[in-house]
Amino acid sequence: THTPPPTATATPTATATQTPKPTSFLNEAPTLTPDGSAGSSPSSEPITLRLQLQAGETYRIQLLTRQQIHQDLEGQQLETLQTLGIQYSYAVTEVDPEGNAWMDLLYERVILEQDTVLGEVKYDSADPPAEIPAEALGMSALVGLGFSLRMSPRGEVLETRGADELVEQMIAALQISDPAAREQMEATLRQQYGGEGLQNQLRDTVVQFPEGPLRVGDSWSITTETFALTTLTVKATYTLRGFDEQTARIDVRSSFTTADSMEMLDFGLFQIGYVLAGDQVGTMLVNLQTGLSDIQLHQDLNGEMTIAAEGQQLLVPLTAQGVFQVRVVEQD
């Protein structure tokens with residue numbers, strides 16, 4: 001689940017009807033429609049979904065999140081259009097007899113685009129500007145870094161290695177001179193990219209399959225906690241709609257809510273907390289040879305951001321709509 005970053009200090013866009021512009025990064029991502037081709041003739045035979053990654057192979061993944069975020073700051077209507085893109089690769093180094101795969105994940109490319117009346121922020125690590133925009137510094141530090149993980153055939157992340165080193169390398173790349181700012185950034189990055197944080201991120205791209213076989217119409221549900229600006233409880237239900245020899249089509253419905261007590265993120269001079277709720281609806285196309293999936297989810301979110309400073313609080317209602325896509329682009 002991907003939620004918008006704080007944008008209450010932004011300026012509203014000229015027109016609220018704009019939609020996030022696609023980038024060359026993923027403009028060939030699949031369009032997954034409710035009546036997709038996979039499984040158009042429902043089968044009565046059961047199917048067991050599993051990851052089947054091969055040692056020595058490299059699998060490349062692209063993620064794209066496009067969001068339109070609306071905030072009401074004391075009567076001022078703020079609109080933000082945002083596109084985030086990440087490309088990474090899995091290089092599978094070992095697969096044991098049970099099918100558990102060790103792999104090295106490498107972040108290869110990141111993209112950030114933001115659109116406001118103040119102008120556009122654009123960053124693409126494949127064609128970086130002379131000066132990296134401040135908004136892209138955190139993401140830009142990922143490129144060329146990575147970690148190792150072991151994943152089960154059901155898509156469970158069993159173990160990660162190198163998460164601490166990843167955070168340390170990101171901090172070094174950012175070159176933050178102020179000690180307090182460096183400490184705060186390190187705490188934030190460890191929450192997002194520490195061992196548990198990395199596992200939560202991977203759940204967005206590799207779904208945990210059920211234990212047993214499925215027939216068309218069968219469903220399974222998974223409840224997890226993840227961190228995206230705040231701790232979210234995510235309840236997802238997956239329903240097998242059909243399959244053929246190459247592909248299984250799965251409908252996805254999920255909801256997410258924040259914890260009962262609001263967490264406040266400390267930014268030194270001020271703190272920010274969120275109360276959020278929302279839904280995601282979409283489709284997965286699972287490659288039955290690898291178990292990897294193309295995914296498209298439509299997201300709707302609403303809630304409230306709290307900004308606290310010097311003993312006072314400001315409440316900022318917000319809504320967001322967006323699309324989250326995962327694409328397996330090539331296999332080396």
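The structure is a predicted model, in which local features need pLDDT of at least 70 and side-chain atom pairs count only at pLDDT 80 or more, while totals for chains, interfaces and linings use all residues. Residues are numbered from 1 along each chain as its sequence is written, and side-chain values use heavy atoms, with hydrogens and water left out.

The protein contains four helices and 13 strands; here helices (H or I, at least four residues) and strands (E, at least two) are DSSP runs, numbered from the N terminus. Of its 332 residues, 47% count as buried, where buried means under 20% relative accessible area, exposed means over 50%, and partly exposed lies in between (1.4 Å probe, protein chains only). A contact is defined as heavy atoms within 4.5 Å. Among contacts between residues at least 6 apart in sequence, 66% join residues at least 24 apart.

Strands are said to pair if DSSP finds at least two bridges between them. Strand β8 (residues 231-243) pairs with strand β9 (residues 247-258) in the antiparallel sense, over 11 bridges. A hairpin is formed by β8 and β9, with three residues between them, and T233 stands opposite T257 in β9. Strand β9 is also joined to strand β11 (residues 271-287) by 11 bridges, again antiparallel. In this pairing, R249 has L285 in β11 as its bridge partner.

Side chains of opposite charge can pair when their charged atoms come close. A salt bridge is counted when a side-chain nitrogen of Lys or Arg lies within 4 Å of a carboxyl oxygen of Asp or Glu, and by this rule there are nine. R249 forms one with D251, the closest N and O atoms being 3.1 Å apart. R249 counts as buried because its relative accessible area is 7%. In the salt bridge between E120 and K122, the N to O distance is 3.7 Å. Both partners count as partly exposed, E120 at 42% and K122 at 48%. R161 and E159 form another salt bridge, with 3.4 Å between the closest N and O atoms. R161 is partly exposed at 48%, as is E159 at 28%. A network of salt bridges links R150, E159 and R161.

Q296 lies in strand β12 (residues 293-309) and is buried, because its relative accessibility is 8%. Its side chain makes a polar contact with the side chain of H298 (3.4 Å); a polar contact is a pair of N or O atoms within 3.5 Å, where within protein one must be able to donate a hydrogen and the other to accept it, and residues adjacent in sequence count only if both atoms are side-chain atoms. I176 sits in the loop between α2 (163-174) and α3 (179-193) and is partly exposed at 22%. Leaving aside neighbours within four places in sequence, I176 is in contact with A181, R182 and M185.
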